Amino acid sequence: MNVRTAIQELSVSGLAVESAAGRVVSDISFTIGRGRPLTLLGESGSGKSLVAQAIMGSLPPELRATGKVRLDGNDLLAGSRGVQRRLWGREISLLPQEPWLALDPTMRVQGQVAEVHRYVKGRDARRSRQLAAGNLGEVDLPGAGRLYPFQMSGGMAQRVAIAIAHAAGSDLLIADEPTKGLDAALRDSVTARLRQEVENGRLLLTITHDVAVARALGGMVGVMLNGELIECGPAERQLSAPTHDYSRALLAADPESWSRQAPTTPGGVVLAGYGLAKAFGEASLFADLNVEIRAGEIVAVVGPSGCGKTTLGNILLGLVKSDSGSVERRNDLPALRYQKLYQDPPSVFAPHQPIRKGLADLARLHGRSWNVVERLVSRLRLQSSLLDRLPGQISGGELQRFALVRALLLEPVFLFADEATSRLDPVSQREVVAFLLEIVRETGLGVLLVTHDRHLAERISNRVIDFAQ
Amino acid sequence: MGNFLVARLAQAAIVTIVVGALSFVLIRILPGDAAMRIAAGRYGPDASITEAAAKVRLELGLDRPVAVQFLEWLGNLLRFDLGHSLVTAAPVVHELQVQLGASAWLAAAALTLSILIGPAIGVLSGLRPGGVADRLGLAGAAIFRAMPPFVLGLLLMLVFSKQLSWLPPAGFGSPREILLPALTLALGLAAMSSRVARNSVAAVVKAPYFAFARHKGLPEAVVVRRHGLRNAAIPVVSYLGLQAIYLVEGVVVVESLFAYPGIGHALVHAIIERDVPMVQGTALVMGLMFVAIAALVDAISLWLDPRLRRTA
């Protein structure tokens, strides 16, 4: 279809990213060829997204990339930023993280694909619309052009982003956390689609913290830590016999490789719902559902996005009303003893308030002493110096542990953990889960764990409620 | 889609009853004898004012219980009859047509001027937050917002009428006379709407979909036009609706200042003269205008933002 010859190779050598404070990424070298994609694994803050941005030319203005990034011998870093920008949508396409946020919420999807033909390729309006419909057909979304992004699932939105890359016809695809926030089924469909792009001859660089994605994509895998590429090699070898300690820890942190460690000896029922039902409009989420959570047990709820897992938890907490049935709390304990741990830690902390202030206010309001807070903080192995930072200045895993401190301060008998670890990288996820398990064993807390990760659910829960069936 | 219209119609009915009752009660509890004021309004204050007041009281039935008078007004309203002015005896509807027409022109002129100035400065400021345009925009907004309309109006009069003699300082009839009062209102409005537009644009520029539109390779002008403006317009439209309402209120002061014969002018005089049907009619029309503006804002927002149509 394209007249120009396809790009054969992306070669990166000695790539570094510098800020005013010093190097944040150093000495990255790798080569991506056709049929041999590269997946960069690493936790948040390891610098893997900066590598993608340096190649793309979309680094924030305070950061500067040095070294060589060659597309078939053409050094992208030799010119100004404007040079790199001219390649966007032509030679390089980005598959954004959280594509449902990356699509314009107020424009139909068709227009968002067609505008690449119209304004990047300079085709007329009618032809652009036809070609866009074709691009959507290629990703199995024929007829989805009339939809707005909010009417699509996360997986559909990611496929629209791929259709946009098809429209651009660019040879290099950079996928930045393409499966973040997707459940397992959607994740697998996105990785299968990426595999197909590789088979069609596109160069693919994927940034992820999900080992399963790296495994499914194959090709080469690189592991990043503290701004350095500590290992890079063929996927089979990297994912089965890594040499570096951190790589091993990263693999061990994947819930699939955990041992089963559900708590034992559950006590009396702390919270129960009988005959629960919920429907939104025509769509019924569940009906006649009975659930009991005992002290010291973890009950997991699994299923695909949008199936009503979170709604069930919210009904049990009394945040959402059930259409029928009843919810019973033990001895009618106050609602404060029933707590919730949210999915996205940064959005549940006041962004401009140091963590210490928020916790101190909470302790004062509920008459708890500050010593209790400090005990919990050290119990969850959080350094007390972190207390004086703003929520945006610490990692997601640390912030989620502070959220746990905040919930535990109220001495809950029940905790609803709503996808509480799904936005954390595997290592942080493992830490948070380990603390949760310890606390369940020690205090007899009853937990409802909502997750889309079946492996996680099976490894740590006493019972699994499966919404997929 | 039609839900919001039903809600707004119900609101209109409630506004009618509440505004009617309130203006009735408030006029009654104002100090001074209403009949005396009306007589003064009709015949001028002279020696026989007490006699004239007694006649007026009898003629207009002002001695009847308040509740009876209110129900009579409400009953007439159901037949779309707003009654007659107690002072000029002309139908209230006629007076309103003349005066509201003039006000509507002033309000529309002011709003148009402010939309030309405010959002345009806002977009320039918001595309580069912290840049030169943004800082100048902030300074200008602070100055014009901090200045009460009567000071700004007097300043404009001094500059454009007295010093430069370009425009008349007061009066009514031609576009030249509408310009100064409209500009007085527009500058205050634009001061605020430019900042609202600036914040909205700045938020859109930071949004992932704006970055992605760039990553798609679209030229910057296309990115702004296709993905920036519509998204940024959503909160600005709601705010302009609030401003339109503020404008109707502001008109009351500015019209009096510029001796502009509009509805605000009419309301102030009706209150002084205790012309109850005029007060009720004026307040009612203004109240219903608020409802109409809100309905218009609803409709434009629904058109701009498909997400709102989900639940409507």
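User: Which residues does Val464(A) touch, not counting residues up to four places away in sequence?

Analyst: Val464(A) touches Ala300(A), Val302(A), Ala457(A) and Glu458(A). Two residues are in contact if their C-beta atoms, placed from the backbone, lie within 7 Å. This is a predicted model, in which local features need pLDDT of at least 70 and side-chain atom pairs count only at pLDDT 80 or more, while totals for chains, interfaces and linings use all residues. Residues are numbered from 1 along each chain as its sequence is written, and chains are lettered from A and ligands numbered from 1 in the order in which they are written.

User: How far apart are Val464(A) and Val302(A) in sequence and in space?

Analyst: They are 162 residues apart in sequence and 7.1 Å apart in space, C-alpha to C-alpha.

User: Why is Val464(A) called partly exposed?

Analyst: A residue is buried if 20 or more other C-beta atoms lie within 10 Å of its own, exposed if 12 or fewer, and partly exposed in between, with C-beta atoms placed from the backbone. Val464(A) has 16 C-beta neighbours inside 10 Å, so Val464(A) counts as partly exposed.

User: Which strand holds Val464(A), and what makes that a strand?

Analyst: Val464(A) lies in strand β18 (residues 463-466) of chain A. Strands are DSSP runs of E with at least two residues, helices are runs of H or I with at least four, and both are numbered from the N terminus.

User: How do you know that β13(A) and β18(A) pair?

Analyst: Two strands pair if DSSP finds at least two bridges between them. β13(A) and β18(A) have 4 bridges, in the parallel sense. In β18(A), Ile465(A) is the bridge partner of Val301(A).

User: What makes β15 and β18 of chain A edge strands?

Analyst: The open sheet has 5 strands in the order β15-β16-β17-β13-β18 (chain A), with parallel pairing. β15 (338-341) and β18 each pair on one side only, and these are the edge strands.

User: Which strands pair with β17(A)?

Analyst: Strand β13 (residues 298-302) of chain A pairs with β17(A) in the parallel sense over 5 bridges, with Val299(A) opposite Leu448(A). Strand β16 (residues 414-418) of chain A also pairs with β17(A) in the parallel sense over 5 bridges, with Ala417(A) opposite Leu449(A).

User: What makes β17(A) mostly covered?

Analyst: In strand β17 (residues 446-451) of chain A, 6 of its 6 residues are buried. Gly446(A), Leu448(A) and Val450(A) point one way, while Val447(A), Leu449(A) and Thr451(A) point the other way.

User: Now chain B. How many helices and strands does chain B have?

Analyst: Chain B comes to 12 helices and 0 strands. Of the 312 residues in chain B, 37% are buried.

User: Why are α5(B) and α6(B) called oblique to each other?

Analyst: Angles under 35 degrees count as roughly parallel, over 145 as roughly antiparallel, 65 to 115 as roughly perpendicular and the rest as oblique. Such angles run from 0 to 180 degrees between N-to-C directions, and axes are lines fitted to C-alpha atoms, for helices over the stretch in contact. Helix α5 (residues 92-127) of chain B and helix α6 (residues 132-146) of chain B pack at about 135 degrees, with their axes 7 Å apart. The two helices are therefore oblique to each other.

User: Which residues meet where α5(B) packs on α6(B)?

Analyst: Ile121(B), Leu124(B) and Ser125(B) in α5(B) meet Ala133(B), Asp134(B) and Gly137(B) in α6(B).
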